Amino acid sequence: MEQQQFTVGLTPESQSLLLNSVNKLLDTAIEEAVERASIQKRFVAQLELKKMFNIGADTLSELEKRGLRRIPLGKKVLYDLEEVAEIFNEMKI
């Protein structure tokens, strides 16, 4: 199937308005993508958390006793990295 092309004539003012609208849409899409990525990096699975900090089940259990909350998600358990950082800061000597 052959593609058809057409040209649209716009005044400089219309071109500017169109460009600004497209830029706003792109900015919004980028901000939403960054936000989604940030959320995904904020929460990690149990195994990831253990690997990330090179800790075992006993240490993880200790963190939970100190207030680290579990987020059950189906068969997975997630942890909030911000909470982990807060607990580590409280543990500083």
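This is a predicted model: local features need pLDDT of at least 70, side-chain atom pairs count only at pLDDT 80 or more; totals for chains, interfaces and linings use all residues.
Me: What share of the contacts in the protein with a separation of 6 or more comes from residues 24 or more positions apart?
Reply: That share is 49%, where contact means heavy atoms within 4.5 Å. Residues are numbered from 1 along each chain as its sequence is written, and side-chain values use heavy atoms, with hydrogens and water left out.

Me: Where is confidence lowest in the protein, and where is it highest?
Reply: Helix α1 (residues 12-42) is lowest at a mean of 76, while helix α3 (residues 57-65) is highest at 95. That's pLDDT, the predictor's confidence in each residue, from 0 to 100. The protein averages 86, and 88% of the residues score at least 70.

Me: How many helices and strands does the protein have?
Reply: Four helices and three strands, running α-β-α-α-β-β-α from the N terminus on. Both are DSSP runs numbered from the N terminus: H or I with at least four residues for helices, E with at least two for strands.

Me: Why does E83 count as buried?
Reply: Buried means under 20% relative accessible area, exposed over 50%, partly exposed in between (1.4 Å probe, protein chains only). E83 has 12% relative accessibility, so it counts as buried. This residue is found in helix α4, and leaving aside neighbours within four places in sequence, E83 is in contact with G67, L68 and R69.

Me: And why does V8 count as exposed?
Reply: V8 has 53% relative accessibility, so it counts as exposed. V8 is found in the segment before α1.

Me: What makes a set of residues a nonpolar core?
Reply: They are buried Ala, Val, Leu, Ile, Met, Phe, Trp, Tyr and Cys residues joined through side-chain atoms within 4.5 Å. The largest here has ten residues: V44, L49, I55, L60, L63, L68, V77, Y79, V84 and I87. Elements α3, β3 (76-80) and α4 (81-91) give two or more residues to this core. Not counting residues up to four places away in sequence, V77 touches V44, A45, Q46, R70 and I71.
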